[in-house]
Amino acid sequence: MSDEKKAVMVVWADAHAGPEQWSPRNEIEDDGEYMVQSIGWLLQVGEGGKDKHISLAQSWTQADDVDHVIHIPLGMVRSSVTLHPGVVDLDLTHPSGTV
């Protein structure tokens, strides 16, 4: 098992609903893709990741447990980037923890 953890941001097209009522088919408009941005810990295939998907975990514990895993089909991925460590000063005295 790899000890290196990679945080990534993935931009992907999600499935989404059309009209919620009876509609003539020729009046249903193509409103394009519904884009989503997800950030998480990248899980490799064989280590929690799923083949032909980008698998992300929300959290990763020191006991090597992960939670809230999402598997994004590669065909839906529009872009991805590895996030690099940096210093962010959070105002922890402010209720929202703003930067």
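Guide: Val8 sits opposite Gly40, a residue of strand 2. Bear in mind that this is a predicted model.

Visitor: Which residue is the bridge partner of Met9 in strand 2?
Guide: Met9 has Ile39 as its bridge partner there.

Visitor: How many bridges join strand 1 to strand 2, and which way do they run?
Guide: Eight bridges connect strand 1 with strand 2, which covers residues 34-43, and the two run antiparallel.

Visitor: What about strand 1 and strand 5?
Guide: Those two are also joined, by six bridges, and run antiparallel. Val10, for instance, has Ser80 in strand 5 as its bridge partner.

Visitor: Is strand 1 enclosed or open, and why?
Guide: Strand 1 is largely enclosed by the rest of the structure, because six of its eight residues are buried.

Visitor: Let's step back. What is the strand order in the sheet?
Guide: The order is 4-3-2-1-5, in an open sheet of five strands with antiparallel pairing. Strand 4 (66-73) and strand 5 (77-83) are at the edges with a single partner strand each, so one side of each has no neighbour in the sheet. From one strand to the next, the twist averages 30°.

Visitor: How many helices are there?
Guide: Zero; the secondary structure of the protein chain consists of five strands. Along the sequence the pattern reads β-β-β-β-β.

Visitor: And the other pairings in the sheet?
Guide: Strand 2 and strand 3 are antiparallel and share three bridges. One of the pairs here is Leu43 with its bridge partner Ser55 in strand 3. Between strand 3 and strand 4 there are seven bridges, again antiparallel. In that pairing Ser59 has Asp67 of strand 4 as its bridge partner.

Visitor: What does the hairpin of strand 3 and strand 4 look like between the strands?
Guide: Five residues lie between the strands, and Asp64 in this hairpin has a positive phi near 70°.

Visitor: Next topic, packing. Which residues make up the largest nonpolar core?
Guide: There are eight: Val8, Val10, Trp12, Val36, Ile54, Leu56, Ile72 and Val77. Strand 1 (7-14) and strand 3 (53-60) each contribute at least two residues to this core. Strand 1 gives the most, with three residues.

Visitor: Take Ile54. What does it touch?
Guide: Leaving out residues up to four places away in sequence, Ile54 touches Val10, Leu42, Ile70, His71, Ile72, Leu74, Val77 and Ser80. Val10, Ile72 and Val77 in that list are also members of the largest nonpolar core.

Visitor: What does the side chain of Ser38 make a polar contact with?
Guide: With the side chain of Trp12, at 3.0 Å. Trp12 also belongs to the largest nonpolar core. Apart from neighbours within four places in sequence, Ser38 is in contact with Val8, Met9, Val10, Trp12 and Leu56.

Visitor: Which backbone oxygen lies 2.7 Å from a polar atom of the His53 side chain?
Guide: That of Asp51. Beyond residues up to four places away in sequence, His53 touches His71, Ile72, Pro73 and Leu74.

Visitor: How far is the C-alpha atom of His53 from that of Ala13?
Guide: The separation is 13 Å, for two residues that are 40 apart along the chain.

Visitor: Last topic, the overall shape. What is the radius of gyration of the protein chain?
Guide: The value is 18 Å, whereas a compact globule of 99 residues would be near 13 Å. The C-alpha trace spans about 55 × 40 × 20 Å along its principal axes.

Visitor: What share of the 99 residues counts as buried?
Guide: 18% of them.

Visitor: And how much of the contacts comes from residues 24 or more positions apart?
Guide: Such residues account for 45% of the contacts in the protein chain with a separation of 6 or more.

Technical notes: Residues numbered from 1 in each chain as written. Predicted model: local features only at pLDDT ≥ 70, side-chain atom pairs only at ≥ 80, totals over all residues. Heavy atoms only, no water. Core = buried A, V, L, I, M, F, W, Y, C linked by side-chain atoms within 4.5 Å. Buried < 20%, exposed > 50% of the residue type's maximum accessible area, 1.4 Å probe, protein only. Helix = DSSP H or I, 4+ residues; strand = E, 2+ residues; numbered from the N terminus. Contact = heavy atoms within 4.5 Å. Pairing = 2+ DSSP bridges. Axes fitted to C-alpha atoms, helices over the stretch in contact; angles between N-to-C directions. Polar contact = N/O pair within 3.5 Å; in protein donor to acceptor, adjacent residues only side chain to side chain. Rg over C-alpha atoms; globule rule 2.2 N^0.38 Å.
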